Amino acid sequence: MSEFITYLVTGIALGSSFALIGSGFVVVHRVTRVVNFAQGSLAVLGAMLSASLLAGRLPHVVGEMVTVVVCGLVGVLVGVVAIGKRGTPPLISLIVTLGVSMLFSAAIIWLWGQDPVSPPGLDGFTTILGAEVERQRLLVLVVTLVAFAGLSLFFSRTYLGKALTASASNPFAARLVGIDVRRMGLVAFGLSGVLGGLAGVLVAPSNALSFYSDLPMALGGFAAAVFGGLVSPLRTLVGGLGLGVAGQLTAGYLNGSYQTEVALLLMMVIMIARSRSFAHEEAK
Amino acid sequence: MLKVERVSKHFGGVYANRDVSLDVAEGELRGVIGPNGAGKSTLFNLIAGHLRPDAGSISLAGAHIDRLPPHVRARRGVAIVFQGARLFAGMSLLQNVMVGAHAQSRAGLVSAAFRPPAQRREEREIRATAEQCLDRVGLLELADRPAEGLPLGQQRRLQVARALAGRPRLLLLDEPASGLRAAERTQLADLIRELNGAGTTILLVEHDVGMVTSLAHRITVLDLGAVIADGTPAEVTSDPAVVKAYLGTGADHAAHH
C-alpha cells in the first residue's frame, strides 16, 4: 500500500510538470496554431538555470522566480524566430521550433555539460497513509494548481488574457478590432516559456534533468495537451496527472524504461480515438 | 475623410479594380454598388487592409493608410463589419464589444494586465461604453448571452456594436444585408440611418440596390473593376451606363428591388 502511495505521489508530481508543459503547448497552439517543440527545452533550461542561480547563493524563491522570468523571455525569443516573419505557415514554424530545440540541447551541453542536474528543492519528507513522501513532490502539485488557477484568472479577467482569447477564437476579427495578433502570438510564446521554466524548476529537484530530458518532457507535455484536444488547459491538467501516474505505476510494477513508451502509446490511443473531434477543431 | 485615388489591383493579369477613385466626405453615407464581379469586395478589402493596391493610394483624414496592416488601420479609426460571422466564440455579447473598445484604449496591453486603479477606472468606462453600444443596436438585454448561436441579424448588429465601441471615424459595412430576412433588413437599414444621423461617416458596400438608394447620400457604381458612375441616388439610377451594366447579369436583381 505504502509503495502504491509513493508511486502515486511521484506520478502526480511528474504529471504536474507534464501538465505545465502541456498547457504551454495549448496556449501557443490556440493563438498561433503552432506546436512549439522547444517547450521541453525550456523545462531543461529552467532546471539548469535555477541550479546555477541557487548555487550562486541567490536565496530560494528569488532564484526560482528569476529563472522563470528568464525562461519567459527566452520563450518570446523562440516565438520571434518561429513566427516573427509575417505569414509563416504554422507547419514551417513547427519545424523551426524543432530546430531551435536542437540548438538548445547544444547550448545546454556547452554551458552546463552533459550530466543531469538537480537544483536544491524543498527538503524533508511527510508521511501520507504510511508512505514517506518527499515534500518537494507535494510542492510541485501545489504550485501547479496555483499556476492553473492563475492562468484561468489571467484569461478571464485581464484584457491581455481576453485579447489572447479573442486572437485564438477568431484572428481575423481580432485584427478588425485593432488587436496585433502576431504580438499576441509572441505573448503566448512567452507564457509557454514561463510554464516550461516553472515545470523544470519544480520537477528537477526530485527528477534530475539533463540536455537529453527535453524530448521526454516535451512528449509528456504534448501527450497531456493532446488529451486536452490542444485547446483545453483544464483537460491538459487531467491528462498530465493521469499520464504521470500511469507512467510511474508502469515504472514501479513493470519496468522503468517504459515510461516514455507509455506516454507515446497513450498519445496514439487518444489521437486515434479523438481524430474525429480533431478534424472538427481544424474545420472551425 | 476617406480618399481613394486611382487605385488598381489585379490578380494574375485580371484587373479586379482599375483606376478606382472615390472621395467620402465627413458625415457622409456613401453607397458602393455594382453587379456581381464588379470589384466591390476587392475595393472593400483594399480599404480594410486585407489587400494592398498595386497602384494608387488610400488616405484617411489626409494620412496615407494603404501600406498599414489591418489592425493598425483599425486603431486609426477604420471600423469594419464583414458579412461573415466574425465574432469571438466563447465570449458574451458584452465581452465581444469590450474587446473592441479595449484595443482602442490608451492603456497598453501589459499595463492593463496589472490593473492599477487608473486601468480599473478605464475598465469601468469601457464597460459603460460597451453597454451603450449594445443599447444603440438594440442588443442590451442579451449582453450576458454567449455570442455563438445568435441569429444572423443579431450577429450583424453585434458586429456593428463592436465596431462602434472603437469610436470609429469611418464605418465600413460589407454587404450587411446579405442573408437577412426582410424584417431584419429593415431594422438594419434603420440602424444605419440612425448611426449616420448621429455623425458616423459610413461606407456601405451592398448588393441590395434598393437598400443603398434609400440610404446613401451618394453612390459609386462599379462595373468590371472600374467606376462607371458617381452621384446622388437619382442621378446614378437614371444613368444609362448603370442601367446597361445591370441589364443581363443583374437586371432581374435590380428590378426586384
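Predicted model: local features only at pLDDT ≥ 70, side-chain atom pairs only at ≥ 80, totals over all residues.

Trainee: In which order do the six strands of the open sheet in chain B lie?

Mentor: The sheet is open and its pairing is mixed. Its edge strands, each pairing on one side only, are strand E6 (78–81) and strand E10 (226–231) of chain B.

Trainee: Which residue stands opposite B:Val78 in E7(B)?

Mentor: E6(B) and strand E7 (residues 170–174) of chain B run parallel and are joined by four bridges. Within E7(B), the residue opposite B:Val78 is B:Leu170.

Trainee: What angle does the direction of helix H1 of chain B make with that of E7(B)?

Mentor: Helix H1 (residues 40–48) of chain B packs on the sheet, where it touches strand E3 (29–33), E6, E7, strand E8 (201–205) and strand E9 (218–223) of chain B. Another helix, H6 (residues 152–165) of chain B, lies across E6 and E7 of chain B and runs at about 170° to E6(B). For H1 of chain B, the angle with E7(B) is about 145°.

Trainee: Which helix gives the largest share of the side of domain 1 of chain B that touches domain 2 of chain B?

Mentor: Chain B is divided into domain 1 (2–77 + 168–256) and domain 2 (92–165). Their contact takes ten residues from domain 1 of chain B and nine residues from domain 2 of chain B. On the domain 1 side, the residues divide into six nonpolar, two polar and two charged. The largest share of that side, four residues, comes from helix H7 (residues 182–197) of chain B.

Trainee: Turning to the contact between the chains, which helix supplies the largest share of the side of chain A that touches chain B?

Mentor: This contact takes 17 residues from chain A and 23 residues from chain B. Helix H6 (159–169) and helix H7 (171–176) of chain A each supply at least two residues of the chain A side. By class, that side has nine nonpolar, five polar and three charged residues. Its largest share is seven residues, and they come from H6(A).

Trainee: Which residue in the hairpin of E4(B) and E5(B) takes a positive phi?

Mentor: Strand E4 (residues 55–60) of chain B pairs with strand E1 (residues 2–11) of chain B in the antiparallel sense over five bridges, and B:Leu2 stands opposite B:Leu60 there. E4(B) also pairs in the antiparallel sense with strand E5 (residues 63–64) of chain B, over two bridges, with B:Leu60 opposite B:Ala63. The hairpin of E4(B) and E5(B) has two residues between the strands, and the positive phi, near 50°, is that of B:Ala61.

Trainee: Which residue in the turn of the hairpin of E1(A) and E2(A) has a positive phi?

Mentor: Strand E1 (residues 125–128) and strand E2 (residues 131–134) of chain A pair in the antiparallel sense over four bridges. Across them, A:Thr126 has A:Val133 as its bridge partner. Two residues lie between the strands, and the one with a positive phi of about 45° is A:Leu129.

Trainee: Is A:Val61 buried or exposed?

Mentor: A:Val61 is placed in the loop between H2 and helix H3 (62–83) of chain A, and its phi is positive, near 70°. With 8 other C-beta atoms within 10 Å, against a limit of 12 or fewer, A:Val61 is exposed.

Trainee: Is B:Glu175 buried or exposed?

Mentor: B:Glu175 is found in the loop between E7 and H7 of chain B and has a positive phi of about 40°. Because 20 other C-beta atoms lie within 10 Å and the cut-off is 20 or more, B:Glu175 is buried.

Trainee: What distance separates the C-alpha atoms of A:Val34 and A:Phe189?

Mentor: A:Val34 lies in the loop between helix H1 (2–32) and helix H2 (39–55) of chain A and is buried, with 24 other C-beta atoms within 10 Å. Beyond its neighbours within four places in sequence, its contacts include A:Ala82, A:Ile83 and A:Pro90. A:Phe189 is 155 residues away along the chain, and the C-alpha separation is 9.9 Å.

Definitions and conventions
Residues numbered from 1 in each chain as written. Chains lettered and ligands numbered in written order. Contact = placed C-beta atoms within 7 Å. Pairing = 2+ DSSP bridges. Axes fitted to C-alpha atoms, helices over the stretch in contact; angles between N-to-C directions. Domains from an automatic or database assignment. Nonpolar A, V, L, I, M, F, W, Y, C, P; charged D, E, K, R; others polar.
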